[in-house]
Amino acid sequence: MQVTVSPAIIKGTVTANPSKSAMQRAVAAALLAKGKSIIRNPGLSNDCLAALEVAENLGAKIKREEDHFEITSNGVQPFYDEINCGESGLGIRMFTPIAALAALPITIVGHGSLTTRPMGFFEEVLPQLDVKCSTQAGKLPLHIEGPLQPKNITIDGSLSSQFLTGLLMAYGAAAEDVTITVKDLKSKPYIALTLQLMAHFGVNVEEKDFEQFHFGKKQAYKAREYTVEGDWSGAAFLLVAAAVAGKAEVHHLSTESAQSDKAIMEALEKAGAYILPGLFTVNIEKAGLQAFEIDATDCPDLFPPLVALAANCNGTTKIKGVSRLAHKESDRGLTLQAEFGKMGIKIALQGDEMLVYGGTGIKGAVVHSHNDHRIAMACAVAALTADGPVVIESAEAINKSYPEFYDHLQQLGGLVAVHA
């Protein structure tokens, strides 16, 4: 699919799409609980739908109502010996330890970019918990056979917090008097979100400096009702659109959220945008934008909207945390450099830092998403202040996390033409 976004002034009100991070965790917690859980304001992105399918294959009964999902479960009791996590990095890292609670041999597969992502850490960690585990030279498919036995364990948190999320959730259903110790944890806010979700569903973890996670007496997940909060990672693109091309009010965003991508507010403030935050609403308005410095190590998904913002700021913006970008849907550092380069924006990669030379003018161009949802959205936002239309190839990549994105951009006054 090809989408053309033309320069436009942004003005209006929009409701943020549901957080896929919170949605997927809630689906996992509902699977682990006994009884009927209700998930309101559910996400319907590809990653969220993949999570629902995995939960179903692992034993949950799922009923879709008009504005919510009912998930009825009796814990992990797989219906099938294979689960498909689609293209979701969180899905595979979270559901693998959860699936390993069962004694049945299970094969875990995915498609698209997930087939190229490294999976070797499963082979390093899961056997320590009595789970047989093998991959195909460190890649999918992944074969596991449990049941997982929670033990005192030390893991490396530098590659991904998502695997720790899966371990924490699995331990929550089975652990007694054991501790997970983590070294060099990245993306601490995502673990805060995991612990928040677990507590909501009745399982509490003693956390010390995000280095030790202790489970005392054995606990059980309880079926609950849960409303999915708005997604800061998707809304970041709308907030940047307003900051560079007009003004907007974005609803259903909690400024008390544990989501790490809430850090977009820090970047917008540093850049000089006019901000009026409420408790569940954020108002952003364009002002004179200046280059800024920010450390995005704990929120690597913000790099694409940060680059779209920086392209419109006078001066050289410095973003730290490039090392977190290699194993995303694309190698995002190089992809951003290539695609924004086509639009006349120079980006330099220096070790762990990205330098964006902004304020030089954005040019109309033909760009490619590299099948990466966040690259497609960043290019669309950049197009708003370009000197001509920007054509985005493989623009349907947004369906992974934010299928409503082009509609929401139009709702705010964006000029979007979709070509099948």
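Ring pairs link Phe237, Tyr402, Phe405 and Tyr406 into a cluster, where rings of Phe, Tyr and Trp (its six-membered ring) pair if their centres lie within 6.5 Å, and planes under 30 degrees apart count as stacked, over 60 as edge-to-face and the rest as tilted. The model is predicted, so that local features need pLDDT of at least 70 and side-chain atom pairs count only at pLDDT 80 or more, while totals for chains, interfaces and linings use all residues. Residues are numbered from 1 along each chain as its sequence is written, and side-chain values use heavy atoms, with hydrogens and water left out.

**Aromatic rings**

- A search of the whole structure finds nine aromatic pairs.
- In the pair of phenylalanine 237 and phenylalanine 405, the ring centres are 6.2 Å apart and the planes meet at 70°, so this pair is edge-to-face.
- Phenylalanine 237 lies in helix α7 (residues 232–245) and phenylalanine 405 in helix α12 (residues 405–411), so the pair ties together parts that are 168 residues apart in sequence.
- Both phenylalanine 237 and phenylalanine 405 are buried, a word that here means under 20% relative accessible area, whereas exposed means over 50% and partly exposed lies in between (1.4 Å probe, protein chains only).
- Elsewhere, the charged end of lysine 346 sits over the ring of tyrosine 357, 4.6 Å from its centre; a charge sits over a ring if NZ of Lys or CZ of Arg is within 6 Å of the ring centre and within 35 degrees of the ring normal.

**The chain as a whole**

- The chain contains twelve helices and 24 strands, where helices (H or I, at least four residues) and strands (E, at least two) are DSSP runs, numbered from the N terminus.
- A compact globule of 420 residues would have a radius of gyration near 22 Å, and the chain, with 21 Å, agrees; the radius is taken over C-alpha atoms, and the globule rule is 2.2 Å times the number of residues to the power 0.38.
- Taken along the principal axes, the C-alpha atoms of the chain fill a box of roughly 60 × 45 × 40 Å.
- Of the 420 residues of the chain, 58% count as buried.
- Among contacts between residues at least 6 apart in sequence, 73% join residues at least 24 apart, and contact means heavy atoms within 4.5 Å.

**Nonpolar cores**

- The largest nonpolar core has 79 residues, of which Leu239, Ile264, Leu268, Leu309, Phe340, Met354 and Phe405 touch the most other members; such a core is a set of buried Ala, Val, Leu, Ile, Met, Phe, Trp, Tyr and Cys residues joined through side-chain atoms within 4.5 Å.
- The largest share of this core, twelve residues, comes from α7.
- A second, separate core of 75 residues includes Ala29, Leu32, Ala33 and Val125.
- When its neighbours within four places in sequence are left aside, phenylalanine 405 is in contact with Phe237, Leu238, Met377, Ala380, Val381 and Ile398.

- Tyrosine 226 lies in strand β14 (residues 225–227) and, at 9% relative accessibility, counts as buried.
- The contacts of tyrosine 226, apart from neighbours within four places in sequence, are with Ala22, Ala26, Ile38, Ile39, Arg40, Leu197, His200 and Phe201.
- A distance of 24 Å separates the C-alpha atoms of tyrosine 226 and phenylalanine 405, which are 179 residues apart along the chain.
- Threonine 227 also lies in strand β14, but at 46% relative accessibility it counts as partly exposed.
- Apart from neighbours within four places in sequence, threonine 227 is in contact with Arg40 and Asn41.

**Backbone details**

- Most residues other than glycine have a negative phi, and most peptide bonds are trans.
- A cis peptide bond joins leucine 140 and proline 141, with omega about 0°, and proline 141 is placed in strand β9 (residues 139–145).
- Another cis peptide bond joins glycine 146 and proline 147, with omega about 10°, and proline 147 is placed in the loop between β9 and β10 (153–156).
- Aspartate 177, although not a glycine, has a positive phi of about 50°; this residue lies in the loop between α5 (161–174) and β11 (178–183) and is exposed, with a relative accessible area of 54%.
- Histidine 370 likewise has a positive phi, near 55°; its place is in the loop between β22 (366–368) and α11 (373–383), and it is partly exposed, with a relative accessible area of 33%.
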